[in-house]
Amino acid sequence: MRRSTTKISQFTLALCAAALMAGCATSGNPKDPIEGFNRTMYNVHEGIDSVVLKPVAKGYDAVLPDPVQTGVSNFFSNIGDLGVSVNNLLQGKPNDAIADLGRFLINSTFGIFGILDIATPAGIEKHDEDFGQTFGRWGAGSGAYVFIPVFGPRTTRDTVGLAFDLWADPVANLDHVPTRNTFLALRAVNTRAELLPADKVIEEAALDKYAYIRDGYLQRRQSLVYDGNPPRSAE
Amino acid sequence: MKSMKWLFLAVSSLLLALPAAANDAAPDQLVKGVTDEVIAIVRADKDIQSGNAKKAVALVETKVLPHFNFTRMTQLAMGREWRNASAAQQQALTNEFRTLLVRTYSKALTEYRNQTIDLKPFSLKAGETDAKVKTIVNQPNGKPIQLDYSLEKQDNGWKVYDIEVAGVSLVTNYRETFASEIRNGGVDSLIKTLQSKNQAADSKK
């Protein structure tokens with residue numbers, strides 16, 4: 001089981017290395033030095049997405065009633081709270097880490113394996129933390145922007161973070177392989193389905209979809225590293 | 001009869017007082033008022049929920065637009081390029097950018113699915129002319145999203161000049177795209193790109 005997680009990590013690292021080597025294709029944007037390569041990867045992703053990911057997500061969205069989808073989202077979000085807790089601890093926020101653990105315990109028991117999120121209405125706020133943010137907290141710069149097909153937008157820092165996230169991911173570490181694969185697939189489809197409404201809005205908003213997603217991602221990560229209160233950038 | 005007269009006076013004075021109240025409203029009350037009103041309308045309107053863009057745009061134009069400062073938004077999106085544009089170019093950019101943002105906002109409204117919006121605690125120091133109103137969008141299906149409005153006090157009330165969705169400014173997110181467009185073909189090329197984007201969206205309907 002550990003082996004295949006490592007495989008995914010190796011895959012992301014290899015992609016990362018390939019991206020760095022393709023760095024000759026420079027553009028004017030200092031945050032996106034390998035823009036040419038990234039745009040190619042982005043087009044690959046769009047191709048896969050339009051043929052596989054999006055149609056599957058749409059079917060899923062059409063078939064499953066909303067309360068069931070909410071249950072699926074809650075279930076995986078609850079498992080994710082473990083990783084959130086670890087990262088809050090690593091970022092020196094023990095109170096948040098305890099709250100995250102409390103969420104996990106309450107939702108796993110009273111929330112029936114996390115299908116119901118009863119911690120949020122009870123006032124225990126959901127946090128969003130991962131290894132990429134932890135490295136950011138520790139002072140690591142975000143590095144170059146990288147677009148990884150299927151996984152989507154990342155930075156060099158967040159690609160390394162993603163490898164750690166997967167390494168520590170309880171779902172990816174399940175021993176029973178068919179269960180693990182089913183859960184991984186379900187989580188991926190559910191995540192993609194959650195993004196369906198955003199798709200339409202981005203389509204409407206973007207002059208250049210690649211750049212719109214890139215700049216949105218970079219802003220979002222910057223905001224997350226500072227837990228929603230990033231320093232105002234100089235104009 | 002006398003009571004009728006009193007009622008009439010009361011109602012008409014109330015009507016007169018209303019626009020003034022809207023102008024004087026504190027930023028958080030303004031955001032709450034507009035949000036509640038718009039959501040109530042969308043909730044009751046099946047056409048908008050099923051994607052009627054024309055109706056959604058009309059709603060945004062009458063209820064939301066008066067509280068936005070599009071010149072400031074365009075200026076923010078342009079960054080340092082703003083000063084290099086002529087007055088006519090600035091006007092054209094503002095018009096096209098307004099159309100683009102209104103359409104985006106309207107599209108988002110047609111995606112409305114029973115979300116509720118809560119205001120985070122808000123305080124404003126006396127004499128402050130810049131404020132950020134933070135809200136949380138609770139989704140029945142998915143994670144709550146932070147939605148923040150930046151407002152600036154003007155003579156005719158507080159005006160929104162930026163919206164941040166989950167920490168992503170909808171305005172400054174255009175800065176790189178605008179800058180690279182200007183690098184490649186100047187301000188006029190950017191205006192043309194915005195125009196053709198808006199026209200393409202119009203002809204789709």
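**Figure 1. B:F97 and its neighbours in the predicted model.** The model shown here and in the views below is predicted. B:F97 touches B:M73, B:T74, B:A77, B:Y174 and B:F178. That list leaves out residues up to four places away in sequence. B:F97 also belongs to the largest nonpolar core, which has 50 residues. Within that core, the residues that touch the most other members are B:M73, B:F97, B:L151, B:Y174 and B:F178. Several chain B elements each supply at least two residues of the core. The helices among them are α2 (27-44), α4 (53-64), α5 (70-78), α6 (87-110) and α7 (175-204). The strands are β2 (130-138), β3 (145-154) and β4 (157-165).

Figure 2. Chain B has seven helices and five strands. Along the sequence the pattern is α-α-α-α-α-α-β-β-β-β-β-α. Of its 205 residues, 40% count as buried. Take the contacts in chain B between residues at least 6 apart in sequence: 55% of these join residues at least 24 apart. B:N156 sits in the loop between β3 and β4 of chain B. Its relative accessibility is 40%, so B:N156 counts as partly exposed. B:N156 and B:I182 are 26 residues apart along the chain. Their C-alpha atoms are separated by 33 Å.

**Figure 3. The interface between chain A and chain B.** The size of an interface is often given as the accessible area lost when the parts come together. Here the area buried between chain A and chain B is about 2600 Å². Carbon and sulfur atoms give 49% of that area. On the chain A side, A:E204, A:L207 and A:Q219 supply 28% of the area that chain A buries against chain B. Counted by contacts, 28 residues of chain A meet 31 residues of chain B.

Figure 4. Chain A has nine helices and two strands. From the N terminus on, its elements run α-α-α-α-α-β-β-α-α-α-α. Buried residues make up 42% of its 235 residues. Among contacts in chain A with a separation of 6 or more, 62% come from residues 24 or more positions apart. A:N74 is found in helix α3 (residues 66-90) of chain A. Buried means under 20% relative accessible area. A:N74 has 19% relative accessibility, so it counts as buried. Leaving aside residues up to four places away in sequence, A:N74 touches A:G114, A:I115, A:L116 and A:D117.

**Figure 5. Two loop residues of chain A with positive phi.** Most residues other than glycine have a negative phi, and most peptide bonds are trans. A:I112 is not a glycine, yet its phi is positive, about 50 degrees. A:I112 lies in the loop between α4 (94-109) and α5 (131-137) of chain A. A:I112 is partly exposed, with a relative accessible area of 48%. A:V150 also has a positive phi, near 75 degrees, in a residue other than glycine. The place of A:V150 is the loop between β1 (145-148) and β2 (152-155) of chain A. At 48% relative accessibility, A:V150 counts as partly exposed.

**Figure 6. Helices α7 and α8 of chain A.** Helix α7 spans residues 177-194 of chain A, and helix α8 spans residues 196-205. Their axes come within 4 Å and cross at roughly 40 degrees. α7(A) and α8(A) are therefore oblique to each other. From α7(A), the contact is made by A:R192, A:A193 and A:E194. From α8(A), A:L196, A:P197 and A:D199 take part. By class, the contact has three nonpolar residues, three charged residues and no polar ones. A:T182 also lies in helix α7 of chain A. With a relative accessible area of 48%, A:T182 is partly exposed. A:T182 and A:T70 are 112 residues apart along the chain, and their C-alpha atoms are separated by 18 Å.

Terms used: Residues are numbered from 1 along each chain as its sequence is written. Chains are lettered from A and ligands numbered from 1 in the order in which they are written. This is a predicted model: local features need pLDDT of at least 70, side-chain atom pairs count only at pLDDT 80 or more; totals for chains, interfaces and linings use all residues. Side-chain values use heavy atoms; hydrogens and water are left out. Axes are lines fitted to C-alpha atoms, for helices over the stretch in contact, and angles run from 0 to 180 degrees between N-to-C directions. Angles under 35 degrees count as roughly parallel, over 145 as roughly antiparallel, 65 to 115 as roughly perpendicular and the rest as oblique. Contact means heavy atoms within 4.5 Å. Ala, Val, Leu, Ile, Met, Phe, Trp, Tyr, Cys and Pro count as nonpolar, Asp, Glu, Lys and Arg as charged, and the others, Gly among them, as polar. A nonpolar core is a set of buried Ala, Val, Leu, Ile, Met, Phe, Trp, Tyr and Cys residues joined through side-chain atoms within 4.5 Å. Buried means under 20% relative accessible area, exposed over 50%, partly exposed in between (1.4 Å probe, protein chains only). Buried area is the accessible area (1.4 Å probe) that two parts lose on being put together, summed over both.
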